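Please look over the sequence and the model shown here, and then work through the questions below with the structure in view.

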Amino acid sequence: MRNRDPEGPVFDLLSYGRRGSGLRDRLLPAQMQQIARTVARTPEVMVKVLPAGANSLAAVRQHLAYVGRQGDVDLQTDDGQRLQDREAAADLIDDWDLDLAACQSGLGGLQGRLAPRLVHKLVFSMPAGTPADKVLRATQGFCREKFALKHRYVLALHTDEPHPHVHVIIKAISEQGERLNIRKATLREWREEFASQLRLVGVPANATPRFDRGETRPRKSDGIFRAARRGASTHIRERVDAAAAELRGANRAVEPAKLQLQQTRREVERGWHVISEALKSQGQTALAEQTRRFSVGLPPVRTEREWLIAGLVEQVKGNRAREREMTR
(Lines give C-alpha, C1' and ligand atoms only; values in the text may rest on other atoms or scores of the structure.)
Protein backbone atom coordinates (compact mmCIF):
# COMPACT_ATOMS: atom_id res chain seq x y z
CA MET A 1 0.00 0.00 0.00
CA ARG A 2 1.43 3.39 -1.01
CA ASN A 3 0.45 6.83 0.14
CA ARG A 4 1.57 9.92 -1.78
CA ASP A 5 -0.15 12.36 0.55
CA PRO A 6 2.05 15.41 1.14
CA GLU A 7 1.73 14.85 4.89
CA GLY A 8 3.79 11.69 4.81
CA PRO A 9 6.19 9.40 2.97
CA VAL A 10 5.31 6.60 0.59
CA PHE A 11 3.72 3.74 2.51
CA ASP A 12 4.76 0.35 1.14
CA LEU A 13 3.33 -2.66 2.97
CA LEU A 14 5.76 -5.18 1.45
CA SER A 15 8.75 -3.16 2.65
CA TYR A 16 7.46 -3.53 6.21
CA GLY A 17 7.04 -7.25 5.62
CA ARG A 18 10.66 -7.55 4.49
CA ARG A 19 12.01 -5.38 7.32
CA GLY A 20 10.26 -7.43 9.97
CA SER A 21 9.26 -6.11 13.38
CA GLY A 22 11.89 -3.37 13.61
CA LEU A 23 9.49 -0.59 12.57
CA ARG A 24 10.41 2.70 14.20
CA ASP A 25 8.44 5.15 12.08
CA ARG A 26 5.21 6.54 13.47
CA LEU A 27 2.24 6.10 11.21
CA LEU A 28 0.86 9.45 10.12
CA PRO A 29 -2.88 10.30 10.06
CA ALA A 30 -3.12 9.98 6.27
CA GLN A 31 -1.46 6.56 6.44
CA MET A 32 -3.82 5.38 9.17
CA GLN A 33 -6.77 6.55 7.08
CA GLN A 34 -5.46 4.47 4.19
CA ILE A 35 -5.06 1.44 6.45
CA ALA A 36 -8.58 1.91 7.82
CA ARG A 37 -10.05 2.04 4.30
CA THR A 38 -8.17 -1.07 3.26
CA VAL A 39 -9.03 -3.27 6.24
CA ALA A 40 -12.66 -2.12 6.01
CA ARG A 41 -12.59 -3.32 2.38
CA THR A 42 -13.64 0.05 0.98
CA PRO A 43 -14.48 -0.33 -2.74
CA GLU A 44 -11.38 -0.27 -4.93
CA VAL A 45 -11.15 1.97 -7.96
CA MET A 46 -10.23 0.64 -11.38
CA VAL A 47 -8.14 2.52 -13.92
CA LYS A 48 -7.43 0.50 -17.05
CA VAL A 49 -5.45 1.25 -20.20
CA LEU A 50 -6.95 -0.30 -23.32
CA PRO A 51 -3.95 -1.68 -25.19
CA ALA A 52 -4.98 -1.87 -28.84
CA GLY A 53 -6.18 0.45 -31.56
CA ALA A 54 -4.42 3.71 -30.75
CA ASN A 55 -1.75 3.87 -33.46
CA SER A 56 -3.75 4.84 -36.54
CA LEU A 57 -6.33 7.45 -37.49
CA ALA A 58 -8.80 4.77 -38.50
CA ALA A 59 -8.51 3.01 -35.13
CA VAL A 60 -8.86 6.28 -33.20
CA ARG A 61 -11.88 7.29 -35.27
CA GLN A 62 -13.49 3.90 -34.65
CA HIS A 63 -12.90 4.10 -30.89
CA LEU A 64 -14.28 7.64 -30.65
CA ALA A 65 -17.39 6.50 -32.52
CA TYR A 66 -17.74 3.54 -30.13
CA VAL A 67 -17.30 5.68 -27.02
CA GLY A 68 -19.83 8.20 -28.34
CA ARG A 69 -22.22 5.39 -29.32
CA GLN A 70 -22.48 6.81 -32.82
CA GLY A 71 -23.77 10.12 -31.48
CA ASP A 72 -26.07 8.80 -28.73
CA VAL A 73 -23.67 9.61 -25.86
CA ASP A 74 -22.13 12.99 -25.02
CA LEU A 75 -18.42 13.39 -25.66
CA GLN A 76 -17.18 15.97 -23.15
CA THR A 77 -14.00 17.76 -24.19
CA ASP A 78 -11.25 19.35 -22.12
CA ASP A 79 -12.46 22.83 -23.11
CA GLY A 80 -16.02 22.24 -21.89
CA GLN A 81 -17.76 21.33 -25.14
CA ARG A 82 -20.34 18.57 -25.42
CA LEU A 83 -20.31 16.77 -28.74
CA GLN A 84 -23.22 14.52 -29.65
CA ASP A 85 -23.31 13.80 -33.33
CA ARG A 86 -21.88 11.32 -35.80
CA GLU A 87 -19.24 13.79 -36.94
CA ALA A 88 -17.75 14.23 -33.45
CA ALA A 89 -14.90 11.80 -34.10
CA ALA A 90 -13.87 13.57 -37.31
CA ASP A 91 -14.12 16.96 -35.59
CA LEU A 92 -11.87 15.87 -32.73
CA ILE A 93 -9.28 14.33 -35.05
CA ASP A 94 -9.17 17.60 -36.95
CA ASP A 95 -9.12 19.77 -33.81
CA TRP A 96 -6.30 17.74 -32.25
CA ASP A 97 -4.25 17.69 -35.50
CA LEU A 98 -4.05 13.92 -35.27
CA ASP A 99 -3.63 13.61 -39.02
CA LEU A 100 -0.38 15.58 -38.71
CA ALA A 101 0.73 13.50 -35.72
CA ALA A 102 -0.03 10.31 -37.67
CA CYS A 103 2.03 11.55 -40.61
CA GLN A 104 4.97 12.41 -38.37
CA SER A 105 4.87 9.12 -36.48
CA GLY A 106 4.43 7.05 -39.63
CA LEU A 107 8.19 6.97 -40.13
CA GLY A 108 8.47 4.49 -37.29
CA GLY A 109 6.11 2.14 -39.04
CA LEU A 110 8.13 2.40 -42.29
CA GLN A 111 11.16 1.13 -40.39
CA GLY A 112 9.33 -2.02 -39.40
CA ARG A 113 8.33 -0.79 -35.96
CA LEU A 114 4.89 -0.19 -34.59
CA ALA A 115 3.94 3.46 -35.01
CA PRO A 116 3.75 5.43 -31.73
CA ARG A 117 0.37 5.91 -30.11
CA LEU A 118 -1.69 8.83 -31.27
CA VAL A 119 -3.90 8.62 -28.18
CA HIS A 120 -4.18 6.74 -24.91
CA LYS A 121 -7.48 5.00 -24.18
CA LEU A 122 -8.41 4.76 -20.49
CA VAL A 123 -11.38 3.45 -18.53
CA PHE A 124 -12.22 4.68 -15.02
CA SER A 125 -14.78 2.59 -13.15
CA MET A 126 -16.28 1.68 -9.80
CA PRO A 127 -18.35 -1.30 -8.61
CA ALA A 128 -22.06 -1.61 -9.33
CA GLY A 129 -24.20 0.65 -7.20
CA THR A 130 -21.84 3.62 -7.26
CA PRO A 131 -23.69 6.77 -8.42
CA ALA A 132 -22.77 7.24 -12.08
CA ASP A 133 -22.86 11.04 -11.89
CA LYS A 134 -20.26 11.00 -9.12
CA VAL A 135 -17.99 8.66 -11.06
CA LEU A 136 -18.21 11.16 -13.92
CA ARG A 137 -17.48 14.14 -11.65
CA ALA A 138 -14.50 12.36 -10.10
CA THR A 139 -13.12 11.50 -13.54
CA GLN A 140 -13.56 15.11 -14.66
CA GLY A 141 -11.68 16.26 -11.56
CA PHE A 142 -8.92 13.74 -12.22
CA CYS A 143 -8.51 14.88 -15.83
CA ARG A 144 -8.37 18.54 -14.83
CA GLU A 145 -5.67 17.78 -12.25
CA LYS A 146 -3.52 15.67 -14.56
CA PHE A 147 -4.04 16.96 -18.09
CA ALA A 148 -5.56 20.47 -18.16
CA LEU A 149 -3.58 22.87 -20.41
CA LYS A 150 -1.24 20.02 -21.30
CA HIS A 151 -2.91 17.08 -23.03
CA ARG A 152 -6.14 17.34 -25.01
CA TYR A 153 -8.74 14.84 -23.87
CA VAL A 154 -12.35 13.81 -24.24
CA LEU A 155 -14.48 11.64 -21.99
CA ALA A 156 -17.82 9.84 -22.03
CA LEU A 157 -19.89 8.22 -19.28
CA HIS A 158 -21.31 4.76 -19.99
CA THR A 159 -24.10 3.34 -17.84
CA ASP A 160 -25.07 0.36 -19.98
CA GLU A 161 -23.34 -2.08 -17.61
CA PRO A 162 -23.88 -2.62 -13.87
CA HIS A 163 -20.65 -0.82 -12.98
CA PRO A 164 -20.59 2.84 -14.09
CA HIS A 165 -17.48 3.69 -16.07
CA VAL A 166 -16.01 6.60 -17.97
CA HIS A 167 -13.98 6.30 -21.15
CA VAL A 168 -11.21 8.87 -21.51
CA ILE A 169 -9.23 9.40 -24.73
CA ILE A 170 -6.07 11.47 -24.28
CA LYS A 171 -3.89 12.90 -27.03
CA ALA A 172 -0.48 11.27 -26.57
CA ILE A 173 1.50 14.41 -27.49
CA SER A 174 0.95 17.39 -25.20
CA GLU A 175 0.48 20.98 -26.32
CA GLN A 176 4.10 21.48 -25.29
CA GLY A 177 5.27 18.66 -27.56
CA GLU A 178 5.94 16.10 -24.81
CA ARG A 179 4.85 12.49 -25.18
CA LEU A 180 2.81 10.88 -22.40
CA ASN A 181 4.22 7.49 -21.41
CA ILE A 182 2.12 5.38 -19.06
CA ARG A 183 4.07 3.04 -16.78
CA LYS A 184 3.07 0.88 -13.80
CA ALA A 185 4.03 3.67 -11.40
CA THR A 186 1.89 6.08 -13.45
CA LEU A 187 -1.16 3.85 -13.14
CA ARG A 188 -0.58 3.41 -9.41
CA GLU A 189 -0.47 7.18 -8.97
CA TRP A 190 -3.56 7.63 -11.17
CA ARG A 191 -5.54 5.10 -9.14
CA GLU A 192 -4.70 6.99 -5.96
CA GLU A 193 -5.72 10.32 -7.50
CA PHE A 194 -8.98 8.89 -8.86
CA ALA A 195 -9.83 7.45 -5.43
CA SER A 196 -9.08 10.84 -3.86
CA GLN A 197 -11.38 12.59 -6.37
CA LEU A 198 -14.16 10.11 -5.59
CA ARG A 199 -13.84 10.77 -1.87
CA LEU A 200 -14.09 14.51 -2.58
CA VAL A 201 -17.55 13.95 -4.10
CA GLY A 202 -18.65 11.72 -1.22
CA VAL A 203 -17.95 8.24 -2.61
CA PRO A 204 -15.96 5.84 -0.37
CA ALA A 205 -13.07 4.71 -2.56
CA ASN A 206 -9.66 3.18 -2.09
CA ALA A 207 -6.58 2.38 -4.17
CA THR A 208 -4.28 -0.34 -2.88
CA PRO A 209 -2.13 -2.97 -4.63
CA ARG A 210 -3.93 -6.26 -5.15
CA PHE A 211 -1.41 -8.28 -3.14
CA ASP A 212 -1.90 -6.07 -0.07
CA ARG A 213 -5.53 -7.23 -0.12
CA GLY A 214 -4.57 -10.86 -0.64
CA GLU A 215 -5.89 -10.81 -4.19
CA THR A 216 -4.19 -13.33 -6.47
CA ARG A 217 -6.98 -14.02 -8.94
CA PRO A 218 -5.88 -13.03 -12.47
CA ARG A 219 -7.90 -10.10 -13.81
CA LYS A 220 -8.66 -12.02 -16.99
CA SER A 221 -10.17 -15.02 -15.19
CA ASP A 222 -13.73 -13.69 -15.21
CA GLY A 223 -13.95 -14.04 -18.97
CA ILE A 224 -11.90 -17.19 -19.36
CA PHE A 225 -14.74 -19.70 -19.47
CA ARG A 226 -16.94 -17.51 -21.67
CA ALA A 227 -14.08 -17.04 -24.13
CA ALA A 228 -13.20 -20.72 -24.01
CA ARG A 229 -16.79 -21.71 -24.78
CA ARG A 230 -16.80 -19.31 -27.72
CA GLY A 231 -13.48 -20.67 -28.91
CA ALA A 232 -12.21 -17.10 -28.91
CA SER A 233 -8.69 -17.78 -27.64
CA THR A 234 -6.34 -20.68 -28.31
CA HIS A 235 -4.25 -19.67 -25.30
CA ILE A 236 -7.29 -19.71 -23.01
CA ARG A 237 -8.48 -23.06 -24.35
CA GLU A 238 -5.02 -24.48 -23.66
CA ARG A 239 -5.07 -23.13 -20.11
CA VAL A 240 -8.53 -24.57 -19.45
CA ASP A 241 -7.50 -27.94 -20.93
CA ALA A 242 -4.40 -28.00 -18.72
CA ALA A 243 -6.51 -27.19 -15.67
CA ALA A 244 -8.97 -29.93 -16.57
CA ALA A 245 -6.12 -32.44 -16.91
CA GLU A 246 -4.82 -31.48 -13.48
CA LEU A 247 -8.31 -31.82 -12.05
CA ARG A 248 -8.35 -35.39 -13.37
CA GLY A 249 -5.10 -36.05 -11.53
CA ALA A 250 -2.86 -36.01 -14.60
CA ASN A 251 -0.51 -33.35 -13.25
CA ARG A 252 -0.06 -32.48 -9.58
CA ALA A 253 3.28 -30.67 -9.84
CA VAL A 254 3.69 -27.50 -7.80
CA GLU A 255 3.99 -24.49 -10.09
CA PRO A 256 7.00 -22.18 -9.57
CA ALA A 257 4.48 -19.32 -9.66
CA LYS A 258 2.81 -20.79 -6.54
CA LEU A 259 6.07 -20.64 -4.60
CA GLN A 260 6.52 -16.97 -5.56
CA LEU A 261 2.94 -16.16 -4.59
CA GLN A 262 3.42 -17.90 -1.24
CA GLN A 263 6.59 -15.91 -0.56
CA THR A 264 4.83 -12.64 -1.38
CA ARG A 265 1.92 -13.64 0.86
CA ARG A 266 4.30 -14.26 3.78
CA GLU A 267 5.73 -10.77 3.32
CA VAL A 268 2.23 -9.28 3.14
CA GLU A 269 1.20 -11.05 6.35
CA ARG A 270 4.38 -9.92 8.12
CA GLY A 271 3.75 -6.39 6.89
CA TRP A 272 0.22 -6.34 8.29
CA HIS A 273 1.52 -7.77 11.59
CA VAL A 274 4.10 -4.98 11.87
CA ILE A 275 1.47 -2.36 11.04
CA SER A 276 -0.91 -3.83 13.63
CA GLU A 277 1.80 -3.63 16.30
CA ALA A 278 2.64 -0.05 15.28
CA LEU A 279 -1.01 0.96 15.54
CA LYS A 280 -1.25 -0.64 18.95
CA SER A 281 1.84 1.24 20.15
CA GLN A 282 0.22 4.51 19.01
CA GLY A 283 -2.95 3.82 20.96
CA GLN A 284 -5.04 2.82 17.92
CA THR A 285 -6.14 -0.45 19.52
CA ALA A 286 -9.43 -0.85 17.60
CA LEU A 287 -7.78 -0.30 14.23
CA ALA A 288 -4.90 -2.57 15.25
CA GLU A 289 -7.35 -5.39 16.01
CA GLN A 290 -9.25 -4.79 12.77
CA THR A 291 -5.94 -4.94 10.90
CA ARG A 292 -5.04 -8.21 12.60
CA ARG A 293 -8.41 -9.76 11.65
CA PHE A 294 -8.02 -8.51 8.09
CA SER A 295 -4.62 -10.22 7.79
CA VAL A 296 -5.93 -13.50 9.20
CA GLY A 297 -8.88 -13.41 6.78
CA LEU A 298 -6.93 -12.93 3.55
CA PRO A 299 -8.22 -15.22 0.76
CA PRO A 300 -6.20 -18.34 -0.11
CA VAL A 301 -3.20 -18.09 -2.41
CA ARG A 302 -4.04 -19.54 -5.83
CA THR A 303 -2.28 -19.51 -9.17
CA GLU A 304 -4.12 -18.93 -12.43
CA ARG A 305 -4.31 -22.67 -12.98
CA GLU A 306 -5.76 -23.21 -9.51
CA TRP A 307 -8.38 -20.52 -10.16
CA LEU A 308 -9.24 -22.32 -13.38
CA ILE A 309 -9.58 -25.62 -11.52
CA ALA A 310 -11.83 -24.00 -8.92
CA GLY A 311 -13.92 -22.54 -11.73
CA LEU A 312 -14.21 -25.90 -13.46
CA VAL A 313 -15.29 -27.54 -10.20
CA GLU A 314 -18.02 -24.93 -9.75
CA GLN A 315 -19.04 -25.37 -13.37
CA VAL A 316 -19.34 -29.16 -12.94
CA LYS A 317 -21.35 -28.73 -9.72
CA GLY A 318 -23.68 -26.30 -11.47
CA ASN A 319 -24.20 -28.68 -14.40
CA ARG A 320 -24.98 -31.58 -12.07
CA ALA A 321 -27.43 -29.47 -10.08
CA ARG A 322 -29.24 -28.51 -13.28
CA GLU A 323 -29.36 -32.15 -14.41
CA ARG A 324 -30.92 -33.18 -11.07
CA GLU A 325 -33.52 -30.44 -11.44
CA MET A 326 -34.40 -31.65 -14.94
CA THR A 327 -34.86 -35.26 -13.83
CA ARG A 328 -37.27 -34.42 -11.02
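This is a predicted model: local features need pLDDT of at least 70, side-chain atom pairs count only at pLDDT 80 or more; totals for chains, interfaces and linings use all residues.

Residues are numbered from 1 along each chain as its sequence is written, and side-chain values use heavy atoms, with hydrogens and water left out.

Q: Which strands stand at the edges of the sheet?
A: Helices (H or I, at least four residues) and strands (E, at least two) are DSSP runs numbered from the N terminus, and two strands pair if DSSP finds at least two bridges between them. The six strands form an open, antiparallel sheet in the order 1-4-6-5-2-3. Each edge strand has a single partner strand, so one side of it is left without a neighbour in the sheet; these are strand 1 (46-50) and strand 3 (82-83).

Q: Which residue is the bridge partner of L122 in strand 6?
A: Strand 4 (residues 119-125) and strand 6 run antiparallel and are joined by seven bridges. In strand 6, the bridge partner of L122 is V168.

Q: At about what angle does helix 3 run to strand 6?
A: Contact means heavy atoms within 4.5 Å, and angles run from 0 to 180 degrees between the N-to-C directions of axes, which are lines fitted to C-alpha atoms, for helices over the stretch in contact. Helix 3 (residues 57-67) lies across several strands, including strand 1 and strand 4, and its angle to strand 6 is about 150°.

Q: What kind of aromatic pair do F142 and W190 form?
A: Rings of Phe, Tyr and Trp (its six-membered ring) pair if their centres lie within 6.5 Å, and planes under 30 degrees apart count as stacked, over 60 as edge-to-face and the rest as tilted. The structure holds seven such pairs. The ring centres of F142 and W190 are 5.8 Å apart and the planes stand at 80°, so the pair is edge-to-face.

Q: Is S174 buried or exposed?
A: S174 is found in the loop between strand 6 (165-171) and helix 7 (184-200), where it touches K150 and H151, not counting residues up to four places away in sequence. Buried means under 20% relative accessible area, exposed over 50% and partly exposed in between (1.4 Å probe, protein chains only). Because its relative accessibility is 6%, S174 counts as buried.
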